[in-house]
Amino acid sequence: MRGFQPAQPVYIAGRVTWPQRACGCPGGGARGAGGRCEPAAALKFPPCAQCWPPGAGAAHCPPGPAPPRAACLVYSAPPQAPCHVASHAAGTQDRAAPPSQPPAPCAAAPTGDPCGGYCLKTMKKEVCSVAFLKAVFAEFLATLIFVFFGLGSALKWPSAMPTVLQISLAFGLAIGTMAQALGPVSGGHMNPAITLALLVGNQISLLRAVFYLVAQLVGAIAGAAILYGLAPSNARGNLAVNALNNNTTAGQAVVAEMILTFQLALCVFSSTDSRRTSPVGSPALSIGLSVTLGHLVGIYFTGCSMNPARSFGPAVIMSRFSSAHWVFWVGPIVGAATAAIIYFYLLFPHSLSLSDRAAILKGTYEPDEDWEENREERKKTMELTAH
């Protein structure tokens, strides 16, 4: 049996591969390629290929090609054990080898170092990735098509004036079609009120919300401009610009838009919530029917906006910004934000810490599902480095 060993820190077993095979040398040195003993200061320390969780030590770094020499060190002093074990398991320390130093966390490093600037790189990764650019373009394209077909159904053709049912179905079918076609790419917002509501509900990052808002407004202007160029002058009318109808006051219009957008936002949140285990059917169909429902009632009040981009696009093309244009921004945004607060914080809250919520806003959040999915792969990697 081994003699009594003094209490030492216990670390998870793991092995680090060094660039040179080191054999015991006097003074803690190592033998180089020619078999000569070199001083400990001349040893090349293995770089940390990637810091998995921030602050993790060398045992958590996956194997990979050696980065530049500027990478962070694994130890503050080189270990002197013959086999260079990164850490010792409990009760298996070698009496001939002094205890190893605890793994030091990767410190901040200059630009280009894979161990530094973790959060900044993650934020840049979201904005500069091809998937993000595709999502922004999808929001632009989906809003363009939605506005084109929605406004097109309200053109005043001399041979057949549009009906409320026709306009309602056209807007509902347009939003449902685009949600089905481009929803998997960007989420299918097509509505600044929905995007801001998801931001309030802590579901998207601030940068993504800003890019989506710009894409939606530009897409609405482009859709209205294309329709304006295609429609004959005798059928163009005012291009279905939203306005207060039937002696509706501004206060009544705001409340009406709030209620209409509130029910739309609730439908969007519930039908696209990945946490739901009950059958939800087709989210695109549900959202399309919700838009149709809102138009069947809202057209008599305000022409039914429920979407600031839908009101902004034709107003820009026709240069018709009435004194009540603010209604079509305040009403939908307040209604959707209220729905987000009730749904995400009261009815179905997410169990996230304050730091996780801040990471979502900054675009640096990595969900636990990804960590769990890669658990087996990480386990195999650590087993390979421990033997």
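The structure holds one salt bridge, and its two partners can be described by their accessibility: Arg 275 is partly exposed, with a relative accessible area of 34%, whereas Asp 273 counts as buried at 14%.

Leaving aside residues up to four places away in sequence, Arg 310 touches Phe 146, Val 147, Leu 151, Phe 171, Ala 240, Asn 242, Gly 303, Cys 304 and Ser 305.

One of these neighbours of Arg 310, Leu 151, is also, together with Phe 269, among the residues with the most contacts inside the largest nonpolar core, which has 46 residues. Helices α2 (130–152), α3 (164–186), α4 (192–200), α5 (206–230), α7 (250–271), α8 (283–302) and α10 (327–347) each supply at least two residues of this core, and α3 gives the most, with seven residues. Phe 269 itself touches Ala 197, Leu 198, Ala 336, Ala 339, Ala 340, Tyr 343 and Phe 344, again not counting residues up to four places away in sequence. A second, separate core of six residues includes Ala 135, Val 136, Tyr 212 and Ala 215.

Asn 246, in the loop between α6 (233–236) and α7, has a positive phi of about 55°, and Met 306, in the loop between α8 and α9, has a positive phi near 55°.

The cysteines can be treated briefly. A search of the whole structure finds zero disulfides. Cys 304, which is a contact of Arg 310, is buried with a relative accessible area of 0%, and Cys 267 likewise counts as buried, at 17%.

The accessibilities given above are collected here.

| Residue | Relative accessible area | Class |
|---|---|---|
| Cys 267 | 17% | buried |
| Asp 273 | 14% | buried |
| Arg 275 | 34% | partly exposed |
| Cys 304 | 0% | buried |

Finally, the confidence of the prediction should be kept in view. The protein chain averages a pLDDT of 77, and 62% of the residues score at least 70. Over residues 40–61 the pLDDT is below 50, although the model gives this stretch 52 contacts beyond near neighbours in sequence. Residues 66–100 also stay under 50, and for them the model has 66 contacts beyond four places in sequence.

Technical notes
Residues numbered from 1 in each chain as written. Predicted model: local features only at pLDDT ≥ 70, side-chain atom pairs only at ≥ 80, totals over all residues. Heavy atoms only, no water. Contact = heavy atoms within 4.5 Å. pLDDT = per-residue confidence, 0-100. Core = buried A, V, L, I, M, F, W, Y, C linked by side-chain atoms within 4.5 Å. Buried < 20%, exposed > 50% of the residue type's maximum accessible area, 1.4 Å probe, protein only. Helix = DSSP H or I, 4+ residues; strand = E, 2+ residues; numbered from the N terminus. Disulfide = S-S within 2.5 Å. Salt bridge = Lys/Arg side-chain N within 4 Å of Asp/Glu carboxyl O.
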